[in-house]
Amino acid sequence: MTTPAPEKTTRRRRPRRQPPAQRPRLRLGFAGWVVSWLVPTFVMGGLLLGLSFVPGLDDDGFLTPLIPLIGGAAVSIGIPGTLLVTWLYRHHLNPTLHVLGYVVVGLLYGPVVLLAGTGGLMPMLIPLVGFPAGVLLGVGRWAAQPLATVIDPATDEAPTNETPADDDVDAVSPTPGRS
């Protein structure tokens, strides 16, 4: 028995996607990354530090050990996570996708609380750390959006955010016969 010859279909082929080198990409520089990662991490640490000074709130000593854990989570999860999200979504120009990726990285800060111990109220603190960290990282990435640039390889340069001045637009000569 022999195999039949393949039949040609009448269906059209999918258009080929541009190679990654020719697609526009979003570039978040060092200053943008610092605004999107470091500032929210400092705000989260400051919130925990401020809450630990509120009388009656830290009687059992649950908030004070969280400050170094948040710092450790920011270094071990935050740095590689935000860099990975920025790299993975570099060809997606939609800022909402980047913000949601940073929110997911911030939510991963929560399970780091389990390193302090699984007994008592510690597992219940996972959402109290993860949700604010996720929101703060998302807001930080959203705030860093003006620092991001789109690099278009077709023009071989990053477009500027400047609009042409009014005198540049009016420099076009009017149509003949009209005043």
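Predicted model: local features only at pLDDT ≥ 70, side-chain atom pairs only at ≥ 80, totals over all residues.
Biologist: Which elements make up the protein, and in what order do they run from the N terminus?

Modeller: The protein has five helices and two strands. From the N terminus on, these elements follow the order β-α-α-α-α-β-α. Of its 179 residues, 27% count as buried.

Biologist: Why is the pair of Phe-30 and Trp-33 called tilted?

Modeller: The structure holds two aromatic pairs. In the pair of Phe-30 and Trp-33, the ring centres are 6.3 Å apart and the planes stand at 40 degrees. Centres within 6.5 Å make a pair, and planes under 30 degrees apart would be stacked, while those over 60 would be edge-to-face.

Biologist: Where do Phe-30 and Trp-33 lie?

Modeller: Both belong to helix H1, residues 30-52, and they are three residues apart, about one turn of the helix. An α-helix has 3.6 residues a turn, so residues three or four places apart point the same way.

Biologist: How do you know whether Phe-30 is buried or exposed, and what of Trp-33?

Modeller: Phe-30 has a relative accessible area of 65%. Exposed means over 50%, so Phe-30 is exposed. Trp-33 has a relative accessible area of 13%. Buried means under 20%, therefore Trp-33 is buried.

Biologist: What makes the pair of Trp-33 and Trp-37 stacked?

Modeller: The two rings are 5.1 Å apart, centre to centre, with 10 degrees between the planes. The distance is within 6.5 Å and the angle is under 30 degrees, so the pair counts as stacked. Trp-33 and Trp-37 are four residues apart in helix H1, and are therefore separated by about one helical turn. Trp-37 is buried, as is Trp-33. Together with Phe-30, these two residues form one aromatic cluster.

Biologist: Why is Thr-82 called buried, and what is it in contact with?

Modeller: Thr-82 lies in helix H2, residues 66-88. Its relative accessibility is 0%, which is under 20%, so Thr-82 counts as buried. Leaving aside neighbours within four places in sequence, Thr-82 is in contact with Trp-33, Trp-37, Ile-77, Tyr-102 and Val-105.

Biologist: What makes Ile-79 partly exposed?

Modeller: Ile-79 is also found in helix H2. Its relative accessible area is 26%. The C-alpha atoms of Ile-79 and Trp-37 are separated by 7.6 Å, although the two residues are 42 residues apart along the chain.

Biologist: How do you know that the charged end of Arg-141 sits over the ring of Tyr-102?

Modeller: The charged end of Arg-141 is 5.9 Å from the centre of the Tyr-102 ring, and the limit is 6 Å. The direction must also be within 35 degrees of the ring normal. Residues that Tyr-102 touches, beyond four places in sequence, include Leu-28, Ser-36, Val-85, Leu-137 and Arg-141.

Biologist: Which residues have the most contacts inside the largest nonpolar core?

Modeller: They are Trp-37, Leu-66, Tyr-102, Tyr-109, Val-129 and Leu-137, in a core of 25 residues. Strand S1, H1, H2, H3 and H4 each supply at least two residues of this core. H2 gives the most, with six residues.

Biologist: Why are the buried residues of H3 said to line one face of the helix?

Modeller: The buried residues in H3 are His-98, Val-99, Gly-101, Tyr-102, Val-105 and Gly-106. Seen down the axis of H3, they fall within an arc of 160 degrees, so they line one face. Their cover includes S1, H1, H2 and H4. The 13 residues of H3 should span 18 Å at 1.5 Å a residue, and its end C-alpha atoms are 19 Å apart, which agrees.

Methods: Residues numbered from 1 in each chain as written. Heavy atoms only, no water. Buried < 20%, exposed > 50% of the residue type's maximum accessible area, 1.4 Å probe, protein only. Contact = heavy atoms within 4.5 Å. Phe/Tyr/Trp six-rings, centres within 6.5 Å; stacked < 30°, edge-to-face > 60°. Core = buried A, V, L, I, M, F, W, Y, C linked by side-chain atoms within 4.5 Å. Expected span 1.5 Å × (residues − 1). Arc of directions from axis to C-beta.
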